[in-house]
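Here are a few worked exercises on ring contacts and a pocket. Have your viewer open and try each one before reading its solution.

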Amino acid sequence: MPPKLTTTLGILAAFVLASTTPAAPPPGGAALTGEYPNLFKTYLGKSDEEIEAKVEGAFDQLFYGDPFTERVYYTASEDTAYIADVGSRDVRSEGISYGMMITVQMDKQQEFNALWKWAKTHMQYTERPLRGYFAWHRDYDGDMTRADGSEIRGAGPAPDGENWMVMALFFASHRWGDGEGIFNYGREAQDLLRMMIHKDDEPDRGDIVSMFHPEEKQIRFTPDGQYGPNFTDPSYHTPHFTELMARWAEDPADRAFLAEVAQTSRQLFRNAAHPETGIMANYTEFDGTPIVRWDRAFAADAWRTLGWPAMDWSWWGEDEWMVEQSNRILRFYAAQPVDDWPDHMELDGTVQRRGGWAHGLTGMAATAALAADPELGKPMVERLWNLELPNDVGRDTDGLMAEGELRSQRYYSGLLMMFGLLHASGTFQIYGPVEP
């Protein structure tokens, strides 16, 4: 064979091998190796400059884009800011915590501090029985009543907000160092985590309970109300985070407890996922049995369950079932119309509503590619790269949509899509010491 042809075939073979290399991290996962997969580079051949521009551009749009059609980050005062759910016209602990995680990953300390200060000022309860927890909803000015007199629903806490806040604060402490007062990130993380575990030990707490169920060793749907403490939400389960909390919590007993929580969460994913479709319900019993409410099982909360098992695999490489699960759910979506993905379904895949491009689902599908086989993962990464962030251009709205209207996608879908970009670019990383 002529030398030139031999060289050409060798290059072609190398290209084919690179394009089909599994996304799975080396044994031990990125938490222990420090090697975070860059799927935009591996699967799409994008340059570092292209990838950086893509991620920075998405951040700029979400945080500093047009205030009526693009951004979700708004300055409230000289040193405070919030993330707005513009469709529901409120601020959520979920959104604040996601904003904190995005800003620490993007090395944006000023924005991180502004979000944290707004949450501490307007959302955290300072008196019992809810002392230490954060309100799930607040108005843009921090009240429970909007300017038009309408009431914000849901004054109680939603544990996913606290869960992500703790992790973002730990990362901030390790990345930037601790400051004074509320900017002593490490101290704030420790105090909030301890409250999540030990609220049951407090006097004068009424019927408010710990966010982690002490016997079930799972995160609850809510720590208040008649029903919320007695079931869970699979999308609240983040074993990839809990593994780090189990290393960084101050109390050795809490570390041991959180290590069990991480393993229980992995089992909950197994129990909750449909064996054929991989679809999980929004809400389940602690044994994974679906709780169907509002005539649907898989809806907005459960979109996140596409991504979190793969994130756990990518960081820790511990449970190979996460690979099977990621393949299952991406195989299901690969069979759907490319421009009309279902966003509300029964667990067997029966479609209740389709959501067009479903930007948030796209971000989570690309995150699932961290664990999925290349032939399933690569198309999802390419889909994410080619999709623009959602905006409200063309909507008949000034950015403050009335309750009950079609929910603006730039808040929830935009944030989940941003997570997908961070994961697929290898930018979403652990900050802090990790030991086996």
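Rings of Phe, Tyr and Trp (its six-membered ring) pair if their centres lie within 6.5 Å. In this predicted model, the count by this rule comes to 31 aromatic pairs.

**Exercise 1.** Classify the ring pair of Tyr82 and Trp118.

*Solution.* Start with the geometry: the ring centres are 5.6 Å apart and the planes stand at 55°. Planes under 30 degrees apart count as stacked and over 60 as edge-to-face, so this pair is tilted. Finally, check burial, for which the cut-off is under 20% relative accessible area. Tyr82 is buried at 10%, and Trp118 is buried at 0%.

**Exercise 2.** Which rings have the charged ends of Lys54 and Lys199 over them?

*Solution.* For Lys54 it is Trp385, 5.1 Å from the ring centre. For Lys199 it is Tyr133, with a distance of 5.1 Å to the ring centre.

**Exercise 3.** Describe the second largest pocket.

*Solution.* First, the volume: about 190 Å³. Then the lining: helix H4 gives the largest share, five residues. By type, the lining residues divide into three nonpolar, five polar and three charged; among the lining residues are Asp48, Ile51 and Thr427.

Key. Residues numbered from 1 in each chain as written. Predicted model: local features only at pLDDT ≥ 70, side-chain atom pairs only at ≥ 80, totals over all residues. Heavy atoms only, no water. 1 Å grid on protein atoms, 1.4 Å probe; cavity = no way out; pocket = protein on both sides within 12 Å on 5 of 7 lines; lining within 4 Å. Points joined across faces, edges and corners; volume = space filled by probe spheres on them. Helix = DSSP H or I, 4+ residues; strand = E, 2+ residues; numbered from the N terminus. Nonpolar A, V, L, I, M, F, W, Y, C, P; charged D, E, K, R; others polar. Buried < 20%, exposed > 50% of the residue type's maximum accessible area, 1.4 Å probe, protein only. Lys NZ or Arg CZ within 6 Å of the ring centre and 35° of its normal.
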